[in-house]
Amino acid sequence: MRSDRLLQVLVALLVLAVPVAADVDVELAAKGNVLGTLLPEGEVDVFRFDAVAGTQLTLAVSARKKAPLDFALVILGPDMLAVDPNGAKAFVDKGSSLRIKNLPLTQTGSYTIQVVATGTGEYKLSVKALPPRKTSTSAEVPAAGSTMVAFAAPPGALLTLKAKAPKGSGAVPRFGAFGTDDLSTEGALKPTSHVVKVEAGVGGDLEVELMNTGKGSAELAVTIAIKSPKSKPAKLDVRAASLGMPAGGETFVGVQIDGAAGGSVAVDDDDSTIAGARVDVPAGAYPGTLLVTIATAEADAVGDDGSLAAGDTLTLGPAGADFDLPVTVTLPFQEGRLPVGAMGAAVSVQQLKAKNASATQTPVAVDDLADTVSVEVDGFSSFTCIAGKGSPKLNGRSYWFFGQDVELFSGGVPSTGRRVVQENGVVSFVGDGAGTFTFAGNELGVDSDQNVKSGQASVTTFSSPLTEGEVGGTWLYDPTGQSITIEVGKGDNETFWVAEDGSMFLSAVDKDDDPRTQLTMFVEQPATAPSLSELAGDWHVFDYRYEVVETGAGLEMAGANSVGMATLKDNGTLKIGLTERESRFGFDTGDVFDRGVGKGSVAATHVVQLDGSVLVDFGGGEVERFFPNIDNTLLIGSVPQGGLPPTEGLFSMAVLVRRGSGLGPASLSGDFVFQGQEMEYSPAGVGQDTVPDFETVSLEDSVMFDGTAALMGSGAYEKIVRRDDNQQDGVSVTQSGGNFLPPSFSLAANGVFKVSDAGEPGGLTGACNPAGTFVFGVQDPKTAEDFFAAYVLMKLPPEVQLP
């Protein structure tokens with residue numbers, strides 16, 4: 001039985017025959033095979049073809065790779081009314097596949113096939129429109145009279161016209177006017193017949209004059225044989241992954257253009273990431289007909305000089321086509337992706353040519369109102385708008401923020417007082433380069449205090465708003481354009497590194513004597529809440545956990561690092577497999593004990609909230625919140641819903657990185673900032689009482705990737721906060737500079753990133769996002785250590801000198 005939702009779709013499309021805006025909208029030739037994707041659910045792919053009356057249409061659609069698709073095919077005629085598939089010689093509907101054989105098409109013009117289904121996944125579509133091969137009719141024509149005979153034929157067809165009169169009728173059949181031609185003296189002329197061959201020209205609905213030059217009236221028999229031009233079946237791959245959009249949202253628009261007459265193709269769907277793209281082919285630019293296509297591409301290009309992409313990369317087809325006259329290509333750019341202070345005049349266009357070579361062109365036209373630039377080209381490939389070097393604009397952009405602070409404080413000397421605070425919320429920016437911002441959010445915290453001499457232990461958890469409502473402040477780019485300083489109130493300043501495209505921020509280390517360490521990330525919010533289909537796929541998972549628990553053995557602190565994979569499905573289910581190492585420190589005993597490596601998997605469900613955040617339900621009341629970034633390649637969290645138990649403090653910094661493909665060392669290039677937060681056990685203690693405790697460390701470094709296996713650091717900074725009874729507050733802060741030993745790294749095709757250092761045991765294991773601009777990692781849990789840590793690498797904009 002077909003689903004109710006599919007029936008509703010069919011009612012809307014079949015009965016009302018509603019034209020739809022589609023991510024995929026292509027004009028096909030008479031024959032075509034298409035591989036496509038319906039993602040997210042509800043997407044409709046549109047295919048158009050021209051046909052003449054009398055054409056027999058055969059088509060089939062089926063799910064690929066066991067995709068849970070339940071299909072319908074909506075066929076609209078030139079009048080945009082639905083064509084009933086039950087008029088076909090055969091109509092077989094099995095839900096996951098649908099086949100129509102020899103459906104007569106009664107009108108001449110453009111037909112539309114809408115592929116619609118419930119569910120998501122890949123499909124295959126085959127279309128074959130067989131034009132009429134022969135038409136026969138008869139007409140009563142009086143002596144010395146004439147009539148018009150109507151028929152239909154495809155463009156370029158060879159027509160054989162035959163007219164015959166009954167013997168003894170006295171009628172003499174002759175063909176006359178055909179368009180601007182006079183056929184009356186052409187071909188084989190006999191007293192009772194006329195045979196002539198002629199080309200159909202532009203084709204369509206045609207007429208030829210049938211004359212009777214004899215002395216007797218008669219019913220003349222007419223047959224027209226139609227030999228259509230041969231054409232190769234078109235093969236199109238419009239799958240989301242092939243068009244650089246594995247989570248959906250791809251665009252593929254194509255129009256059949258007669259090179260002699262010229263024509264244009266444009267992306268008119270305002271929801272497309274390349275809306276406004278256009279190709280104009282002048283008359284005489286190409287000797288023949290070709291399918292000109294505009295499509296989203298796998299990745300944004302970067303200028304040879306390190307300039308940033310100012311718009312999404314698009315690919316024009318057919319690849320390899322050479323034109324006799326310049327073809328005008330119009331590309332949209334995103335004003336928000338231009339450097340601070342720049343407008344359309346700063347945009348150039350980079351064209352990818354053969355063997356990964358590229359060429360940069362200056363636009364022949366700039367439209368700052370439409371945010372487009374135009375260039376003239378002599379061939380098709382991939383094109384990207386490139387902005388000059390500079391700092392990304394932040395005006396009007398909003399971000400999730402998520403961070404963790406660890407602080408040691410005095411509860412009376414000697415003391416092991418400590419506080420961990422997790423903060424999350426939303427920050428919005430106003431102004432470019434200098435302006436205001438607002439933020440609102442919440443904090444969860446745990447205070448733990450252990451007075452070793454008295455043996456008293458306690459844990460206090462708390463949950464409260466960071467502010468009562470929204471709080472405003474000011475922000476300003478630092479002179480290099482690679483970081484911003486945010487001020488909330490007088491003297492309350494924090495510095496954040498800015499990603500090259502402004503889609504992410506990373507907290508800078510506080511280089512002061514404040515006894516705390518911090519790791520905070522901002523990720524830009526998606527414009528709309530992502531669908532489950534957009535989140536579906538495989539993700540690398542990393543977890544950095546801190547926990548303080550009151551147990552029967554006294555107060556214990558646990559730390560853990562976990563790595564694994566998660567598979568999110570569009571039905572709201574997910575499964576996570578993890579490898580984890582946990583170690584614990586006993587405040588009463590002073591013991592440090594390694595709980596070893598554990599492996600396991602867990603099933604859960606997830607839903608997307610109205611604000612775009614994702615709630616993951618692990619069962620048993622354990623629900624955690626994650627925040628997606630603007631392109632749904634990162635999920636950061638996790639925030640426990642419902643607060644913390646009063647005697648247990650558990651904090652988890654978990655990051656999911658979408659699994660990539662085709663990555664390698666060359667994917668990382670340019671200047672990055674490295675940030676890390678570590679917590680390390682100190683069994684021997686520090687200070688006069690040699691009391692066991694732990695220390696927390698902030699790390700920061702500037703890192704350059706040169707596109708090979710080289711990873712070079714410069715200007716490293718380390719801040720260590722530890723217990724120290726020799727200090728008045730019971731803690732000490734040590735700051736040091738210098739350079740870290742340059743470790744080696746590896747980057748696998750799927751994004752797995754590993755760093756090893758001869759000077760340190762173990763290593764970092766993490767994952768790189770598909771764009772090669774961000775890495776999140778943790779201490780490898782396979783290595784027995786007394787510390788656990790989280791690390792982040794983020795690509796910076798080029799250094800400039802701002803006023």
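1. Helices (H or I, at least four residues) and strands (E, at least two) are DSSP runs, numbered from the N terminus. Under this definition, Asn-632 is found in the loop between β47 (623-628) and β48. The structure is a predicted model, in which local features need pLDDT of at least 70 and side-chain atom pairs count only at pLDDT 80 or more, whereas totals for chains, interfaces and linings use all residues. Residues are numbered from 1 along each chain as its sequence is written, and side-chain values use heavy atoms, with hydrogens and water left out.

2. Overall composition. The protein contains two helices and 58 strands. Of its 803 residues, 51% count as buried; buried means under 20% relative accessible area, exposed over 50%, and partly exposed in between (1.4 Å probe, protein chains only). The protein exposes about 33900 Å², of which carbon and sulfur atoms supply 52%; accessible areas come from the Shrake-Rupley method with a 1.4 Å probe, and for residues only the protein chains shown count as cover. A contact means heavy atoms within 4.5 Å. Among contacts between residues at least 6 apart in sequence, 67% join residues at least 24 apart.

3. Nonpolar cores. A nonpolar core is a set of buried Ala, Val, Leu, Ile, Met, Phe, Trp, Tyr and Cys residues joined through side-chain atoms within 4.5 Å. The largest one has 36 residues, and Phe-47, Leu-57, Val-115 and Tyr-123 touch the most other members. A second, separate core of 35 residues includes Phe-402, Val-406, Leu-506 and Val-673. In soluble globular proteins, nonpolar side chains tend to be buried together.

4. Is strand β1 (residues 24-28) largely enclosed or left open, and why? Four of its five residues are buried, so β1 is largely enclosed by the rest of the structure. Two strands pair if DSSP finds at least two bridges between them. Three bridges join β1 to β21 (residues 252-258), and these strands run parallel; here Asp-25 stands opposite Val-253. Four bridges join β1 to β3 (residues 45-51), also a parallel pair, and in β3 the bridge partner of Leu-28 is Phe-49.

5. A three-stranded sheet. An open sheet has the order β11-β18-β13, with antiparallel pairing. Strands β11 (146-153) and β13 (173-175) stand at the edges with a single partner strand each, so one side of each is left without a neighbour in the sheet. Neighbouring strands of this sheet are turned by 35° against each other on average, direction ignored; the axes are lines fitted to C-alpha atoms, for helices over the stretch in contact, and angles run from 0 to 180 degrees between N-to-C directions. Three bridges join β13 to β18 (residues 204-212), with Arg-174 opposite Met-211 in β18.

6. Salt bridge of Glu-122. A salt bridge is a side-chain nitrogen of Lys or Arg within 4 Å of a carboxyl oxygen of Asp or Glu. By this rule the count comes to 13. In one of them, the closest N and O atoms of Glu-122 and Lys-65 are 3.6 Å apart. Glu-122 lies in strand β9 (residues 121-130) and Lys-65 in the loop between β4 (55-63) and β5 (70-76), so the pair ties together parts that are 57 residues apart in sequence. Glu-122 counts as buried at 16% relative accessibility, whereas Lys-65 counts as exposed at 62%.

7. Arg-337 forms a salt bridge with Asp-312, the closest N and O atoms being 3.0 Å apart. Arg-337 lies in the loop between β27 (322-332) and β28 (348-352), and Asp-312 in the loop between β25 (308-309) and β26 (314-317), so parts 25 residues apart in sequence are tied together. The side chains of Glu-335 and Lys-393 also meet in a salt bridge (2.6 Å, N to O). Glu-335 lies in the loop between β27 and β28 and Lys-393 in the loop between β32 (382-387) and β33 (398-409), so this pair ties together parts that are 58 residues apart in sequence. Glu-335 is partly exposed at 38% relative accessibility, while Lys-393 is buried at 7%.

8. Backbone points to inspect. A cis peptide bond joins Leu-39 and Pro-40, with omega about 5°. The bond from Gly-637 to Ser-638 is cis, with omega near 5°. Asn-632 has a positive phi of about 55° although it is not a glycine, and this residue counts as buried at 8% relative accessibility.
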